[in-house]
Amino acid sequence: MKAAVAAGHPATAEAGIEILAEGGTAADAAVAAALASCVAETVMTGLLGGGHAIVWDGRRARNLNCFVAVPSGSGPPVLDLQVPFGEETVHYAVGPASCGVPGLPAGLELLWQEHGRLPWPRLVEPAQRLARAGTDLPPRHAACLAMLEPVMTLNRGAALYSPGGRLLQDGDRLEQPGLVSALEVVAAEGTSSAYRGSIAEELLAEDGVVVTRDDLEAYGARWAEPVEVGYVGTRFLTRGGLSGVPELLRRLPRLAGLPPTERVLALVDVLEGGGADGHTTNLCVVDGEGRAVVLTSSLGLGSGDFLPGLDLHLNSMLGEKDLILGPLAPGARMESMMAPSLALDDDGLVLAIGSAGGTRLRTALCTVAAGVLDEHLAPQEAVDRPRFHPAGETVNAEPGVDEEALRRFEAAGRPVRRWPDLHHYFGGTSLVSRWGAAADPRRDGKALELR
């Protein structure tokens, strides 16, 4: 398998490839790419969010849980915000009291400590360059920003994403000068600064935040064993729980050789899930020695609050209704639909794959994985193929989904919502495989192989 990076933004992928070219491990490249995503993809993710990863060191796979934890403080009520999502209006809870204990910083540091090779400051350099120069806003990120405008332009966000009162458009330059200072701190203090250093002090000083000093000092990223599912001759390693991926893989019919209509009809019966999406991104890295990291990270929607002078957006995980299944116990990890995954066979690593997409994440990830492993599509073809997703009785479909299948749904009284274009609603999948790497055009993704 060739060394490669696939991610949700060209600058993110370029940061990872730069580190691989310098002899960094997959973990080094993943850390550098993740930090770069916290500059280039701030419509999708950020340093004060949370994530999940899966790591393959050539012998063993482990999941890394660096998702947000429930804080122990109390504060003002969260702000209810209505956000248009496609043809729906979704209610989100935002504001400083929606911020959970950040997990991504601890996860990046643990990943580097146990699997990295290059010096920590070197891994921060690509993100620092991006912060100094600014980044161009790609079309899909601009469309997501337009959808999230009500929260992204609250408070400091107005100056960042709507300078002069005009919301940034496709190709505009996104300038986040505070991130220069934030990354200088990260380079000097490490990401532990978010728990015991300068960034932590700024977070604790933010009015209305319910995260306490004890919450920050008690937080630690942690390893776990992946869930294993046998799938078309591979050992598919992933996360269980709210992700639903193991259960979906077990339900998937064999798809190889099915006509297009029959494929759609067979899949809709096993896919499920509705609801909206926070902003999330995914990256995959495989290095020249066969090690791999898949990392998915998110801020939720984002609280609408930024740390003064640092332009770090607070997460809003406590306001993500799809993640709250019962009482929230202080210190407990919140649930997540993230499912970074690996597929192995007797010869080793076959596929490293992950996806963004909230409740559509499992649909995107599993149907793309099936395209590569079962239907033997080229990786980019599997990612690009039009997607469909049932939400209740309604079948959502991108242009190009088999029309005969859609007509059959309608004839049976099932509504079909035909989307006008590929859309980030249907997830953002990236992968590296034996047959090449691929990234999702729905998120302006980019895949690069090391030459």
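Tutor: Start with a term: a nonpolar core is a set of buried Ala, Val, Leu, Ile, Met, Phe, Trp, Tyr and Cys residues joined through side-chain atoms within 4.5 Å. Keep in mind that this is a predicted model.

Student: OK, in the largest nonpolar core, which residues touch the most other members?
Tutor: Ile199 and Leu312 do, in a core of 67 residues. Helix α2, residues 26-40, gives the most to this core, with 13 residues.

Student: And what is Leu312 in contact with, leaving aside its neighbours within four places in sequence?
Tutor: Its contacts are Leu47, Leu48, Leu179, Ala182, Ile199, Asp305, Phe306 and Leu307. Another core, of 40 residues, lies apart from the largest one, and Val229, Leu255, Ala339 and Leu361 are among its members.

Student: Switching to Thr135. Buried or exposed?
Tutor: Thr135 is buried, because its relative accessible area is 4% and buried means under 20%.

Student: Where is Thr135 placed, then?
Tutor: In strand β6, which covers residues 135-136. Not counting residues up to four places away in sequence, Thr135 touches Val39, Ala40, Leu130, Asp172, Arg173 and Leu174.

Student: Now helix α3. How many residues does α3 have?
Tutor: Helix α3 has 12 residues, 104-115. From first C-alpha to last, α3 reaches 16 Å, close to the 16 Å expected at 1.5 Å a residue.

Student: Why is α3 called largely enclosed by the rest of the structure?
Tutor: Because nine of its 12 residues are buried.

Student: Which residues of α3 are buried?
Tutor: Leu104, Pro105, Ala106, Gly107, Leu108, Glu109, Leu110, Leu111 and His115.

Note on methods: Residues numbered from 1 in each chain as written. Predicted model: local features only at pLDDT ≥ 70, side-chain atom pairs only at ≥ 80, totals over all residues. Heavy atoms only, no water. Buried < 20%, exposed > 50% of the residue type's maximum accessible area, 1.4 Å probe, protein only. Helix = DSSP H or I, 4+ residues; strand = E, 2+ residues; numbered from the N terminus. Contact = heavy atoms within 4.5 Å. Expected span 1.5 Å × (residues − 1).
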